[in-house]
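Subject: Structure handover

Hello,

Here is the structure I promised to pass on. Please open it alongside this note. My findings follow below.

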Amino acid sequence: MRILVLGAGMYVTGRDGSGPGALLAALCEASRSLPLRVTVAATAADNAVVVAEAAARLNERLGTAVEITYRQLTGALSQSVAALAGEGFDAAIIALPDDLHHAAASAAMQAGLHVLVVKPLTPTLAEARDLEAQAQRLGLHGMVEFHKRFDESNLYARSAIANGLLGQPQYAAVQYSQRLCIPTRIFRGWAARSNIFQYLAVHYIDLIWFLTRYRPRQACAVGVRGILAAQGIDTWDSVHALVRWQTPTGGEFVSQFAVNWIDPDTTSAMSDQRITLVGEGGRLDLDQKHRGVELVRRDQPSQALNPYFAEFLPTADGHDRFSGYGPACVGTFVADVAAITAGTVRAADLRDRRPSFADALASCAVVEAVNHSLAHDGAWTDVADLDP
């Protein structure tokens with residue numbers, strides 16, 4: 001199977017010491033059961049060295065032999081992706097800045113590729129609807145890399161709600177933040193074209209949708225500027241939002257969000273994340289930063305580790321495995337594409353069983369409403385109806 005990865009940044013290669021290179025590592029891990037060839041494509045020529053180094057490092061550590069090559073994209077994005085995608089690939093993984101997702105995914109699907117897109121699917125509902133319509137029309141599998149759906153703690157939360165352990169859910173409170181290096185160094189080239197709610201909080205918007213299937217109806221949000229603007233990055237330091245959801249019986253559920261990307265770079269984890277769910281009959285607190293694993297070294301600050309997301313773990317065969325709910329999400333997409341190609345399942349069969357393009361419409365609609373509210377001084381904004 002041939003996989004085209006669009007983007008060569010932190011999440012793909014782990015460049016600049018930012019992590020393991022989760023996407024390439026997940027593909028190397030998936031190659032144990034499905035033979036894969038991977039091409040990474042991006043715009044900068046010097047990415048060739050970064051990709052080659054990541055490929056060598058990952059194959060050696062995992063004991064795999066995945067062929068990973070680099071291609072430079074030149075010219076207009078849609079045309080360059082379309083030309084490359086027509087070279088016999090089976091699927092594409094889009095790991096580009098938010099505002100490029102629609103053009104890249106559309107070009108890949110028009111070339112017949114199944115597509116996995118990192119969150120958010122798109123910044124606007126109209127773009128998301130267009131991608132979903134294309135996927136349906138072309139019979140392709142479109143999926144969003146909402147890996148939090150694969151986290152066992154979140155699956156427990158879904159079970160607890162479904163089995164009535166909390167009674168009727170009433171509200172959720174989300175605190176989610178990342179280090180200042182994300183917008184100022186790692187994503188500096190495009191951080192001003194996004195914001196912390198759109199880029200990060202969308203994970204928990206999708207999670208609430210996944211847990212409850214409540215319909216988002218209204219949103220309001222205000223933001224704080226200062227640190228990033230002073231460094232020439234025109235976006236919010238933090239965003240504070242309320243979202244009203246409607247239950248199937250007409251009741252109301254409210255979610256609160258306090259999100260930022262200005263945490264000190266010395267904080268003990270790249271992401272500080274927690275969600276509280278409160279119902280009429282119970283409360284569930286999910287601390288998704290402090291997983292009970294802490295590393296202290298002489299030469300580094302204390303680190304709160306989350307080996308359940310994505311980590312190299314030793315096995316009896318002498319090579320590490322790349323394990324966790326992050327690789328599980330990518331591996332599920334790859335296995336889905338293999339099954340569709342083999343004719344054992346149809347893309348349409350997966351539409352309601354995966355974080356599909358159709359299932360991502362709720363998160364895109366909320367992001368759009370929050371962005372509108374931010375631009376209008378916190379005004380309550382209706383979330384667009386998810387039904388066409």
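One term first: a crossing of two helices is left-handed if the near helix is turned anticlockwise from the far one by less than a right angle, and right-handed if clockwise. Helices (H or I, at least four residues) and strands (E, at least two) are DSSP runs, numbered from the N terminus.

This is a predicted model, in which local features need pLDDT of at least 70, side-chain atom pairs count only at pLDDT 80 or more, and totals for chains, interfaces and linings use all residues. Residues are numbered from 1 along each chain as its sequence is written, and side-chain values use heavy atoms, with hydrogens and water left out.

Start with α2, which covers residues 22-30. Nine of its nine residues are buried. Buried means under 20% relative accessible area, exposed means over 50%, and partly exposed is in between (1.4 Å probe, protein chains only). The buried set is A22, L23, L24, A25, A26, L27, C28, E29 and A30.

Two packed helices are described by the angle between their axes and the distance between the axes. Axes are lines fitted to C-alpha atoms, for helices over the stretch in contact, and angles run from 0 to 180 degrees between N-to-C directions.

The axes of α2 and α11 come within 9 Å. They cross at roughly 55 degrees. The two helices are therefore oblique to each other. Angles under 35 degrees count as roughly parallel, over 145 as roughly antiparallel, 65 to 115 as roughly perpendicular and the rest as oblique. The crossing of α2 and α11 is right-handed. On the α2 side, L23, A26, L27 and A30 make the contact (heavy atoms within 4.5 Å).

L24, A25, C28 and E29 of α2 meet A54, L58, N59 and L62 of α3. The contact of α2 with α3 has six nonpolar, one polar and one charged residues.

α11 runs over residues 325-342 and has 18 residues. From first C-alpha to last it reaches 25 Å, close to the 26 Å expected at 1.5 Å a residue. The expected span is 1.5 Å times one less than the number of residues. α11 is mostly covered, with 13 of its 18 residues buried. Just after α11, G343 takes a positive phi of about 80 degrees.

Two arginines sit in the loop between α11 and α12: R346 and R354. Are they buried or exposed? R346 counts as exposed, at 54% relative accessibility. R354 counts as buried, at 16%. R354 touches H141, M143, R149, T332, D336 and D359, not counting residues up to four places away in sequence.

**Backbone points to check**

Most residues other than glycine have a negative phi, and most peptide bonds are trans.

- The peptide bond from K119 to P120 is cis, with omega near -10 degrees. P120 is in the loop between β5 (114-117) and α6 (125-138).
- R213 has a positive phi, near 60 degrees, and is not a glycine. R213 lies in the loop between α9 (196-212) and β8 (215-224). It is partly exposed, at 31% relative accessible area.
- D377 has a positive phi of about 55 degrees, again without being a glycine. D377 lies in the loop between α12 (361-375) and β17 (381-382). At 74% relative accessibility, D377 counts as exposed.

**One buried asparagine**

N154 lies in α7 (residues 152-162). It is buried, with a relative accessible area of 0%. Leaving aside neighbours within four places in sequence, N154 is in contact with K148, L207, L211, L286 and Q288.

Best wishes

Definitions and conventions. Ala, Val, Leu, Ile, Met, Phe, Trp, Tyr, Cys and Pro count as nonpolar, Asp, Glu, Lys and Arg as charged, and the others, Gly among them, as polar.
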